[in-house]
Amino acid sequence: MVAETWTAPGRSPIVQRYAGWMSSELDRAHADHPGLVRLVRAVSLRPAPVLALLAAVSAALVTATVRPSDAWLFVRAASAMLGPDFFDVFADPVLQVGPLFLVGVGLVARAAEMVGLPPAPVVAGVQAGLVAWLGVAVAAAFARDGGRDPRPAQWAVGGALVVGGLLTEGVGSGHPEEIALGLLLAVAARAAARGSGVRLGLVIGLATGVKAWGLLGAPLALHGRRVRQVLLAAGACVLTVALCYFPFFVWGHVATFSFRWDSADGSSLLRVAAGQLGMSDWGMRVVQGAAAAGAGALVARRRRGSPLVVVVTVVAVRLLLDPVRLTYYTGPLVAAVVLWAWTAQARPGVVTRIVLLAAVPLVVVLPYVLPTPVVDGAASVLYVVVPLAVVAAERRAPAPSASGSPTAP
C-alpha cells in the first residue's frame, strides 16, 4: 500500500525509491516476524492513546526531576483557589494565566493529593496527555476534511509534540498550555472553515480563558468573509470571555495588569521601539497584540485556502514582536506549521514534510547550545519567513476540485 501511494506519477524519484525499498522490507518482515508486524500495525492504528500515554508518563517524570518553578507556582495557586478566596486568585500579578487553566490544575492537584500522589507531576502528566490527544484529534479532523487517511497527519503532529520534544520543552518550563493554545486556535480555524460562527467564538473564548493571548485568534472569524459568522463568533466569544473573567473583577482583586516583565530582552524589536517611545510593558503588549491580530485579519480575508494560515501568521507575528524570548514560546508556532504541512491542500511534498519533522528537535535543542544573539536573530528571520512561505504556498495552490476527491498524502 505504501508503494502504491508514494510511487504515484509525479512523485520524486527519491520518494519512489524509498517507497520501493520500504515495501520490500515490509514484505520481508511479514514473512520473518509476523507477530511483531501485527503488534506494530496495532500500535500504528492507535496514535491517540499511544502518544497521549507516552506524553503523560514523560511529562510526569520530567516535572518530578526538573521541578519547574512555574509548574509548582500554578499548583499552589490553583489549590488555594479552590477555597474561600476563589475570586482573589489573581491578586498575585505573577499569575499570567487564565481562570480555566487554574481551575483545571486545581482539580487535578486535589485529586492527586487525595490518593497520596505528588500533585505537580500528576498535573503535568494530565496536561501533556491532553495536549497530545488534542494534537492528534485536530490533525485527524483536518485530514478527514481533505478526504485523506488521517493516520500520517496524526503521527506527524503527535510525533512532533511528543517525540520531537515540543511538549518536553513546554513541560520542563511549566507551560504546556502554550502548545494547547496553538491547537485550540487550530480547532477554531476548522470551525471558521466550516462556517460555524458560534463554535468559533466559543473556542476562542475558551482559549482566552486558558491564557489571554488566545484572543488573538479572533481574526479567524473573517475567514470566508461571512458577516453572519463574524457576528455570531463575536457574540459567543465576548460572552464566553466575560463569563471567564468578569466574576474575578467584580468579587475579587485582580492585579494581573500590574505585572512587569523585568527580564524582557532589551534587543527585541518591540522593546527597542518602546524604549524610544517610553512605552510601558502592557503598552507593548497592546501593540504586539494589535499587530498580530491585524496581520491575521489581512490573511483571513482570503476566501479560500486553509484557515491554519491565519493561526501561523498570528502566532509568528506575536513571537516576532514579543519583548520576551523564552524557549517554550515557539511550541505553538511549530505545532501549527506541522499541522498545516500535513493537512492543508497546499501542503508541501512528502520530502519537505519529513525534513520539517526532522527539524523539530533542532528547534528545541539549539537554543541551549548556540549563543543567545544567534538564536534570537535566526528566530526573528523564521518568524518572518515562515508565515510568508505558508501564504505563498497557499496562493500557488490550485482551487479545490468540485468533486472534492481526495488527494494522495
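Tutor: Buried means under 20% relative accessible area, exposed means over 50%, and partly exposed lies in between. Keep in mind that this is a predicted model.

Start with R285 and D322. Their side chains meet in a salt bridge, with N and O 3.0 Å apart. R285 sits in helix α14 (residues 281-300), while D322 sits in the loop between α15 and α16, so the pair links distant parts of the chain, 37 residues apart. R285 has a relative accessibility of 15%, and therefore counts as buried. D322 is at 0%, and is buried too. The loop that holds D322 runs between α15 (308-321) and α16 (331-343). D322 has a further partner: its side chain makes a polar contact of 3.2 Å with the side chain of Q288.

How many salt bridges does the structure hold? The count is 6. E178 and K211 form one of them, at 2.6 Å from N to O. E178 belongs to helix α10 (residues 177-193), and K211 to the loop between α11 (197-210) and α12, so this pair ties together parts 33 residues apart in sequence. Both E178 and K211 are buried.

Now take R151 and D149. Their closest N and O atoms are 3.3 Å apart, in a salt bridge. Are these two side chains buried or partly exposed? R151 is partly exposed because its relative accessible area is 27%. D149 has 31%, so it also counts as partly exposed.

There is also a network: salt bridges link D145, R190 and R194.

Next, the loop between α7 and α8 (150-162). G146 is found there. With a relative accessible area of 24%, G146 is partly exposed. The C-alpha atoms of G146 and A344 are 7.5 Å apart in space, although 198 residues separate them in sequence.

The model has 5 cavities of 30 Å³ or more. The largest cavity holds about 90 Å³. Its lining has 13 residues, and those nearest its centre are A71, V123, A124, Q127 and G174. Two or more lining residues come from each of α5 (69-81), α6 (99-114) and α7 (119-145). Helix α7 gives the largest share, 4 residues.

G174, one of those lining residues, comes just after α9 and takes a positive phi of about 85 degrees. Helix α9 (residues 166-173) is mostly covered, with 6 of its 8 residues buried. Those buried residues are L166, L167, E169, G170, V171 and S173.

For contrast, look at the outside. V227 lies in helix α12 (residues 227-251). V227 reaches 60% relative accessibility, so it counts as exposed.

V365 is found in α17. At 43% relative accessibility, V365 is partly exposed.

Definitions and conventions: Residues numbered from 1 in each chain as written. Predicted model: local features only at pLDDT ≥ 70, side-chain atom pairs only at ≥ 80, totals over all residues. Heavy atoms only, no water. Polar contact = N/O pair within 3.5 Å; in protein donor to acceptor, adjacent residues only side chain to side chain. Buried < 20%, exposed > 50% of the residue type's maximum accessible area, 1.4 Å probe, protein only. 1 Å grid on protein atoms, 1.4 Å probe; cavity = no way out; pocket = protein on both sides within 12 Å on 5 of 7 lines; lining within 4 Å. Points joined across faces, edges and corners; volume = space filled by probe spheres on them. Salt bridge = Lys/Arg side-chain N within 4 Å of Asp/Glu carboxyl O.
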